[in-house]
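Please read the points below alongside the sequence and the 3D view.

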Amino acid sequence: MAAVVSINDTSRLPENVLELEGEDFYRFTKSISGALLTEVLKVQNIDSVFIFLQTKDIFEIFKYNSITLRDLKSKIGFDVEDGEFQVKHGLKLQYEYLSKLLKLKSDQKYITSSPLTYEKIDILLQRYPFLLSLLNFHENENIINDQHEFLTLFVNTITKNLSSANASRYRYDNKIKSFAVCLYILGGKTTYEYVRLNLPGALPNLTTINSLIQNNDDNLTEGEFRFNKMAKYLNSFGVRHAYCAEDCTGVVRRIKYDTHTNSFIGFSTPLYGGIPSPSHFKTDSITELKLWMDQTEKAPLLNIHCVQPIPPPNQTIAPPSFVLAGYGVSSKYTSLDILRRWLFIHKNSIEKNVRILGFSTDADNKYFRAMRLMAGFYASLSNFDIHVDSCMFSIQTGSWSWFFLRRDQLFVFMQDATHLVTKLRNRLLSATAALKVGDKYITMNHLQELLDNVELTRLDHGLTQSDLKPTDRQNFRSCLRITSCDVLNLIARDDNSNGTYMYLKLIKFIISSYIEPTTSIEERLKGAWTAVFLLRLWWVWLLLVRLSSLPSFSTKSKKHNREQHFVTRTAFFSTELNAHYLTYLILLVQQKQLPADVLNIHLFSSQTCESTFRNTRSLTGVFSTVINYTVEEFLRRSRKLSILNGFKSQEKSTSLLKFPVHHKHISLNTTRNNQNLIDISTLNVENVVMQAYQSAVSIIENLNISSLLKKHKLFDMNALSEYLHNHLRSKSKLHDNLPLFENATDDSDSEFDLDSDDDDDNNSVHSKSSGSEGEDDDDDSMDNEQLKTFKTSFGGLNIKDSVPVEQEKSYFKIKINDT
């Protein structure tokens, strides 16, 4: 009987096999794996065991067409139907066998040849006490679990590498390499070198790290939409539905050369039918380059598209968003360009078996108009034949007078609620607006009175002066504070503040309906429509005022006064559109056209783009003071960000690498897979909307507007909605064939066009803040000897009855209500 040779038997290898080079190495490979494999090694100059073990795939070079490799290529494999090259299976097995034998032989070098005796062990333990601790640690089976798997691997790597006298023979597991890449991306070059030099044998050198990053195929080319990589990324999570967001940010105007694409980056990318031209600025002529520099505009803006996967029911954490494309642009593109891009993204995603359900933006004028045109929301899109698309959604509704949206839609749209809330807050801060409802004014003065009230402390309201006069007009956290329950309760005590109370409640409803991840679907729907009805009641009352002789309105400029007393057109329509599309999504789920997971509404926003901008800005060295970047720098950093997101998305499945998450951000990407989300079929949409109207009526009952509405028989929900619908339909003039609507100060909606100057963050993408979550907490330090408050619990404030002795110096004592 023939002897069976084990695949792990290294006895066939000569003792000095790891030192073989040149012809000695080729003779050895020929004896083990044959002449054909040896020829493959020779053509690539792989002439030693060391180089062989460093080569990831010796057949990779045959993916490319080369006259030099043509004859050898025909010997080792063949072309398949999809254009790829397939290596013969037997040759692959020979290579894998040889590779495994050499790796085993290399690993054996780490094992000492002489056995340890008890005497040697005692000497080692006395000389190195940490070995005893290590033994005790591994002796406890309850401690050794998945949480310490990476720690064990890390320690093992250090000890194995330091056992080798030659640093060039250090070896690193793929998991160690992944950890090293993450450390380099998060900490920068200086931090990485500091850790590596002080932990010898633990981490690979910078050359290896840069090679791992450069060899990653997740590159972002300017103007190129990565649909293939998007599909692969979504498939890894089992996702077939996604939301898409688009946004711009200001960048440094500077031209840089990209070696990967042999093109110049930083010019404003040409748009053809709204679609950017990838790597457009390629040239070998210095004359042409000089012409570009003199005549072509340097891009002041960076435009990106991010795709947010909608996780399946078995996932409680939403995967990170995917950057689909990025390119430099100017502000000269139009709403029709945006529409063409959205249709382009939709068409190519469908070909990859991915359905982009809709788009979210930051309520910028051009995006806002594009959404209205596509939605047919008091706008006409006659030049785009989208109604024949086989992917059109169609819902069945009742005879709902309050529902203004067309039943057939290709996309679902959502204006970013974070930006919408800050727009509403900025309207309250506007110097030109004089918000008024009924006989009550809406003003920040009512909040200032809380701060000025000596009987109230920050414990009562949680406000600071910066919340009322913020330097960062995109600071969302100040919106949370001015709409807190404590502030609302205090505001409600004063009858003169009823208008301000209504306005803050309006903002509160939008936050809970679209931003907070824990809100149930029923509460989302009710809050969204309550906000809508508050605005409808308010606006219809203002329309009716012109028919009356109220002294507060000048007869010479009724329209101007009316607009001064209301929110901006963008805020009004955004609130309407969001509520309509939230209802639309619920109906699609109820009618079994979409899974319930699409109702994770808090994921449907342009904050994915904002997060990408912030994260790429943060990828600088610890000694760098530059916070902004050029287009080329963003594209380069986005590769690192994609690598990092890839590792983060694998965190739950591998349980090896752990990433810190700020306690305020833990729930941001949490999905709602509870009964409120799953049993959506039992939700009665019409009843919830009727409850929302009653809630809105109860809020405005003390504002003295109901009498005028009742006089004109418009206090009923249906009558009110029909009146407003007819008014908007008669006044709207938004068409896709009018170039006029691209002007930010157009008159496209006549009666309902508000002054754009009143929208105090109307600087659009030109002056967007890179730190929308920035804090500007100041003043109001609680240095009183004793504080009086009517509250008994203090949410959001770190107040404790007692602290551990070792932490006493980290706290100071205060007296609250004599306690």
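This is a predicted model: local features need pLDDT of at least 70, side-chain atom pairs count only at pLDDT 80 or more; totals for chains, interfaces and linings use all residues.

1. A salt bridge is taken here as a side-chain nitrogen of Lys or Arg within 4 Å of a carboxyl oxygen of Asp or Glu. Glu246 and Arg341 form such a pair, their closest N and O atoms being 2.6 Å apart.

2. Residues are numbered from 1 along each chain as its sequence is written, and side-chain values use heavy atoms, with hydrogens and water left out.

3. How many salt bridges does a search of the whole structure find? The search finds 10 salt bridges, one of which joins the side chains of Glu576 and Arg536 at 2.8 Å, N to O. Glu576 lies in helix α24 and Arg536 in helix α22 (residues 521–545), so the pair links parts that are 40 residues apart in sequence; both residues are buried.

4. Arg196 and Glu193 also meet through their side chains in a salt bridge, at 2.9 Å from N to O. Both lie in helix α9 (residues 174–198), 3 residues apart, which is about one turn of the helix. Arg196 is partly exposed, with a relative accessible area of 21%. Helices and strands throughout are DSSP runs (H or I of at least four residues for helices, E of at least two for strands), numbered from the N terminus.

5. Helix α24 (residues 569–590) packs with helix α14 (residues 365–375) at an angle of about 45 degrees, with the axes 11 Å apart. The two helices are therefore oblique to each other, since angles under 35 degrees count as roughly parallel, over 145 as roughly antiparallel, 65 to 115 as roughly perpendicular and the rest as oblique.

6. Tyr128 lies in the loop between α6 (118–127) and α7 (130–139), and it counts as partly exposed because its relative accessibility is 37%.

Definitions and conventions. Buried means under 20% relative accessible area, exposed over 50%, partly exposed in between (1.4 Å probe, protein chains only). Axes are lines fitted to C-alpha atoms, for helices over the stretch in contact, and angles run from 0 to 180 degrees between N-to-C directions.
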